[in-house]
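Try each task before you read its solution.

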Amino acid sequence: MIRLGILISGYGSNLQAIIDAIESGRLLGVKIAVVVSDRADAYGLERARRRGIPAIHVPYPPRKNGAAARRGQDAKLAARLHQQHAVDWVVLAGWLRLLSNDFLTEFPMRVINLHPALPGLFPGLHAIERALEAYRAGRISETGVTVHLVPDEEVDAGPVILTRAVPILPTDDVDALSARVHQVEHECLVEAVARAISAPTPRT
Ligand code: GRF
């Protein structure tokens, strides 16, 4: 059984997609060992607890405390995932925080990230809003979803496991486009987790 640690920051609809896929037998040989949120009020924690999945809030130090404090918390989190939850793979499912190498080196090529845009485009926050702006400026005709491995600290970049385009319609506003992107995210994340764990890439 492959044990997943799923990191979230908010609503947790992508976490829910994984829970549903496991419960319906679409994602086999997988168990969610723990759900972690950096925000105490993340609704995704509630989704996990309702299913009896361990769900923990891990507060991060404020930005003014500097990068060393953040890295220290990353290292502690990685140790906790290994030691208390025996996590094999980490899935960033709407985790809105950069993970430093202090975390990533503890899970080499075993961290999966979901990015609501096509590979290499709109890294960072508000990717859907920025894609819509680019569409309105005539620079792009479609956006998409990417699920990739996280080898290092580069934001929303790494070997692509799966990507899928999402057309942008002239009538789209942020809500309409977000709804379609999220639907595709839910499908892609489940499929990408299945692919990644069944064809592990070599450790670097
Ligand atoms: C998703 O769009 C994800 O790509 C982005 O944050 C959103 C999280 O949604 N990074 P949810 O919490 O899974 O509902």
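**Exercise 1. In which hand does H1 pass H6? Describe the packing.**

Solution. H1 passes H6 in a right-handed crossing (right-handed if the near helix is turned clockwise from the far one by less than a right angle, left-handed if anticlockwise). Helices are DSSP runs of H or I with at least four residues, numbered from the N terminus.

The model is predicted: local features need pLDDT of at least 70, side-chain atom pairs count only at pLDDT 80 or more, and totals for chains, interfaces and linings use all residues. Residues are numbered from 1 along each chain as its sequence is written, and side-chain values use heavy atoms, with hydrogens and water left out.

Next, the contact (heavy atoms within 4.5 Å). H1 contributes Ser-13, Asn-14, Ala-17, Ile-18 and Ala-21. H6 contributes Glu-185, His-186, Leu-189, Val-190 and Val-193.

Last, the class count. The H1 contact with H6 has 6 nonpolar, 3 polar and 1 charged residues (Ala, Val, Leu, Ile, Met, Phe, Trp, Tyr, Cys and Pro are nonpolar; Asp, Glu, Lys and Arg are charged; the others, Gly among them, are polar).

**Exercise 2. How is the chain divided into domains, and what area is buried between domain 1 and domain 2?**

Solution. Start with the bounds, which come from an automatic or database domain assignment. Domain 1 is 1-107, and domain 2 is 114-155 + 163-184 + 199-204.

Then take the spacing. The domain centres, over C-alpha atoms, are 21 Å apart. Domain 1 gives 9 residues to the contact and domain 2 gives 8.

Now the area. About 800 Å² is buried between the domains, with 65% from carbon and sulfur atoms (accessible area, 1.4 Å probe, lost on putting two parts together, summed over both).

Notes: Helices (H or I, at least four residues) and strands (E, at least two) are DSSP runs, numbered from the N terminus.
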